[in-house]
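I opened this model to look up a few local features and kept short notes as I went.

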Amino acid sequence: MGDNKDHNCDSPEQLLENTKENIAKFGLQVIMVEATPYLPSFAYSIGLWQTYQCPEIICFGLSSKLGHIIINDVAELIKKGQLPQAGSTFADIFKNNDAQFLNVHPLSIGDYFGVAIRYYGNEDFPALQLIWTDRNNKFPWEDGFEEEFIYKQPLLDRNFEFKFREPKNLTTFSTRQWMDENNPILRVIHDSDGDWQFLTGDQALIEDACIIALEQLVIRDKTLNEVFDLEYGEQAEREYIGGKWTRSKVTEEEEEEI
């Protein structure tokens, strides 16, 4: 079955054409997106909803080869009439680990299913997330889940009002103008060392800098979730709240701005 990557050399038109051909031939297309230094890898299906009236499937944190195999293995179960349900646990998808399905919240569809959205023409299709357990066979929401795997599987049935991978109490840098005068955040910088800066654009002095918990910024302005996936060393700018973000690389001088 099709094994394209979201960031390959194919044009969007060619990728969509390949997707149509593979769905017609195999019933689905598998899209692989490789990990970056900041974001985990993921794989998702296209065509299960159209072909089998089953939600599309997405899984995070696996190698490209394994992600492709797992999505196809789930598709084989679906073809045999074993439709996965949210909350259902399977012991035979992974060799030594349990797996469970969660509903993907509609507000998370647009973050990960880019090619599927182009194929269907909208975001109005259901999806399930396949969750794997750690080496102790614990799920991410269970006590004792291994810390090193926490951010490899964003849980898409929750956290749609706070999409950042970091803890809600993460220390970030912002400005007095945001805190005291309620001026909007117009520029976000994700430093190469992992720090986040949320700037109003009218700060001028080091005295304007302040420290804010990440969650407090998002509570006041949920549109900041739109840049949760900024890579290390990237920034995004806009003209007003709700405006389109323009992304670019950050220079060394810009990282030291505050």
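I took helices (H or I, at least four residues) and strands (E, at least two) as DSSP runs, numbered from the N terminus. The model is a predicted one, in which local features need pLDDT of at least 70 and side-chain atom pairs count only at pLDDT 80 or more, while totals for chains, interfaces and linings use all residues. Residues are numbered from 1 along each chain as its sequence is written, and side-chain values use heavy atoms, with hydrogens and water left out.

Strand β9 (residues 187-190) runs antiparallel to β10 and is joined to it by four bridges, where pairing requires that DSSP find at least two bridges between two strands. Ile 189 stands opposite Gln 197 in β10. Five residues lie between the strands of this hairpin, in which Gly 194 takes a positive phi near 100°.

**Ser 174**

I then turned to Ser 174, which has its place in strand β8 (residues 171-175). Ser 174 is buried, with a relative accessible area of 0%, and its side chain reaches the backbone oxygen of Phe 198 at 2.8 Å.

**Helix α3**

For helix α3 (residues 64-79) I checked the length: at 1.5 Å a residue its 16 residues should span 22 Å, and the end C-alpha atoms are 23 Å apart, which agrees; the expected span is 1.5 Å times one less than the number of residues. Among the buried residues of α3 I noted Gly 67, Ile 70, Ile 71, Val 74 and Ile 78. Just after α3, Gly 81 takes a positive phi of about 95°.

Which residue between α2 (48-52) and β4 (56-60) did I look up? Gln 53 lies in that loop, and its phi is near 55°, a positive value in a residue other than glycine. At 53% relative accessibility, Gln 53 counts as exposed.

In the loop between α6 (176-181) and β9 I found Asn 182, which has a positive phi of about 60° although it is not a glycine. Asn 182 is exposed too, with a relative accessible area of 52%.

Key:
Buried means under 20% relative accessible area, exposed over 50%, partly exposed in between (1.4 Å probe, protein chains only). A polar contact is a pair of N or O atoms within 3.5 Å; within protein, one must be able to donate a hydrogen and the other to accept it, and residues adjacent in sequence count only if both atoms are side-chain atoms.
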